[in-house]
Amino acid sequence: MSPSRITHYINGALWSGDSNRHGDVYNPATGEVRARVDFANSAVVDEAVSSAKKAATEWRNTSLAKRTQILFAFREIVNARKEELAKAITLEHGKVLSDALGEVTRGLEVVEFACGIPHLLKGGFSEGVSTGIDVYSIRQPLGVDAIISPFNFPAMVPMWFFPIAIATGNTVVLKPSEKDPTPALLIASYWKEAGLPDGVFNVVQGDKVAVDRILEHPDISSVSFVGSTPIAKYIYENGTKAGKRIQALGGAKNHMLVLPDADLDLAADAAVNAGFGSAGERCMAISALVAVEPIGDELVKKIADRMSKLRTGDGSAGADMGPLVTSIHRDKVASYVDAGEREGATLVVDGRNPKIEGAASGFWLGPTLFDHVRSDMTIYTDEIFGPVLSVIRVKSYEEGLNLINSHRYGNGTAIFTNDGGAARRFQNEVTVGMIGINVPIPVPTAYYSFGGWKSSLFGDTHAHGTEGIHFFTRGKVVTSRWLDPSHGGINLGFPQNR
Ligand code: NAD
């Protein structure tokens with residue numbers, strides 16, 4: 001049986017053209033090619049942008065009341081179909097079903113936030129700033145916004161952006177990862193059902209060719225990108241050069257600092273959950289655990305004990321941890337395990353050749369734990385993006401803090417301690433964008449903003465929350481005077497408030 005076809009969604013319908021470039025979409029739990037996805041060329045991107053541009057004028061003039069009704073309807077539809085969406089995520093990404101459901105739920109929080117758009121878009125008004133003159137501010141949509149998303153959150157990451165872009169009156173072209181393209185199409189069908197006019201939400205499938213056309217397209221006003229750091233930098237540099245507004249979120253190496261007074265059982269649970277959830281393919285995964293001595297031995301033992309109970313297998317069949325997304329990525333992560341051994345770290349739990357609950361041909365790698373990792377080792381310097389946790393032992397809080405602040409990434413970090421003063425000092429001193437205090441994956445709730453520092457984000461704006469509203473709108477200030485019989489006549493001096 002030939003694999004099914006996955007294509008673009010433009011102007012309210014699946015694309016019906018012929019594509020001369022395609023990619024294979026795998027089920028990572030079996031290793032089988034489950035579908036072929038069309039790769040857009042420049043003409044397809046242009047078609048999607050033109051559909052979004054045509055829809056933009058009517059959509060920006062649609063009342064806040066009507067936009068909100070559609071957003072509420074969309075929220076209800078996604079909520080009712082979240083199992084369907086989660087299954088599609090598990091099938092192409094590999095993460096376990098409960099994790100996929102969690103991703104959809106966190107994405108829904110942004111939709112719920114965007115449902116409050118009438119309040120969020122309220123401007124300021126000052127009556128009588130000068131005699132007979134009022135001033136007020138409004139925020140208006142940018143036009144057509146592109147979203148380019150990574151494989152690891154095929155629903156949630158696009159949902160960080162498009163609910164707010166659409167709520168604020170923009171139209172959208174989404175380019176999802178070519179590795180798991182189906183969730184974006186399900187989302188498009190939910191929008192249609194919710195009553196969103198055709199052309200407001202479009203999906204182009206593809207690779208660098210589509211991305212490069214997005215970056216240069218004169219009718220695209222902004223790009224919201226999430227992915228690896230080299231590509232995030234590329235998007236930022238080329239997008240800004242083309243005059244676009246850019247938010248480009250990159251890679252991560254998230255540290256968890258455990259002080260000697262911490263509850264070590266809580267810390268061990270957190271390290272395992274945050275290190276191996278989604279097989280470590282999360283931008284907020286903990287990949288470096290910094291243990292302040294003398295707790296190293298005890299903590300490593302507690303983590304290793306918990307890891308021995310984790311079941312690796314098919315994410316749709318009740319395993320704790322699923323496969324990696326592709327065989328290439330699995331091999332790359334496994335090569336880091338080889339490198340860690342070569343570089344002299346202590347391999348406490350080896351995930352190569354794991355015992356699997358599922359098809360042998362899946363893209364498997366079991367949870368892996370290294371101890372006595374040094375800061376010059378590649379398993380520490382690089383983002384591995386797999387189920388590999390490194391323990392670095394330090395003598396003091398200061399040494400741990402210095403290690404974290406010296407790393408080039410600054411996405412998320414966590415401190416585990418029972419000392420409120422130490423936690424407060426850490427939140428103040430650490431150069432990272434999102435901080436957890438006894439919370440291992442501190443993904444901010446939708447009404448705050450998500451984003452890292454340093455090489456984890458290029459641009460000035462973080463995703464969603466009030467920063468998201470600002471990103472997708474432009475401010476305008478109006479100074480108005482309605483004619484009154486006592487106007488002041490000719491005056492060529494600079495206007496002053498009187
Ligand atoms: P990736 O950078 O390979 O791909 C991201 C997007 O860019 C995809 O849509 C892809 O098609 C496109 N792309 C890939 N190569 C390109 C190129 N050469 N030119 C133009 N476009 C290109 O990332 P990924 O492997 O899909 O996702 C994993 C990465 O994303 C990790 O580094 C992870 O940390 C990061 N991530 C970061 C966050 C965050 O919030 N900071 C969230 C999720 C994932």
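## The pocket and its shell

The ligand sits in the largest pocket, in the sense that more than half of its atoms lie within 2 Å of the grid points of that pocket. A pocket here is an open set of points, on a 1 Å grid over the protein atoms alone, where a 1.4 Å probe fits and with protein on both sides within 12 Å along at least five of seven lines. Two or more residues of the shell come from each of α8 (208–216) and β11 (222–226); helices (H or I, at least four residues) and strands (E, at least two) are DSSP runs numbered from the N terminus.

The shell comprises 27 residues, the closest being S149, E178, S228, G250 and E383, where a residue counts as near if one of its heavy atoms lies within 4 Å. By class, the shell has 14 nonpolar, 9 polar and 4 charged residues, with Gly counted as polar and Asp, Glu, Lys and Arg as charged.

## Backbone geometry in two loops

Most residues other than glycine have a negative phi, and most peptide bonds are trans. A cis peptide bond, with omega about 20 degrees, joins E293 and P294, and P294 is found in the loop between β14 (286–292) and α11 (296–307).

In the loop between α10 (264–276) and β14, S278 has a positive phi near 55 degrees, and this residue counts as buried at 7% relative accessibility (buried means under 20% relative accessible area, exposed over 50%, and partly exposed in between, with a 1.4 Å probe and protein chains only). A279, which lies in the loop between α10 and β14, has a positive phi of about 50 degrees although it is not a glycine, and A279 is buried with a relative accessible area of 1%.

## Basis of the values

Residues are numbered from 1 along each chain as its sequence is written, and side-chain values use heavy atoms, with hydrogens and water left out. Because the model is predicted, local features need pLDDT of at least 70 and side-chain atom pairs count only at pLDDT 80 or more, whereas totals for chains, interfaces and linings use all residues.

How values were computed:
On a 1 Å grid over the protein atoms alone, a cavity is a set of points where a 1.4 Å probe fits but cannot get out, and a pocket is an open set with protein on both sides within 12 Å along at least five of seven lines; lining residues have an atom within 4 Å of a point.
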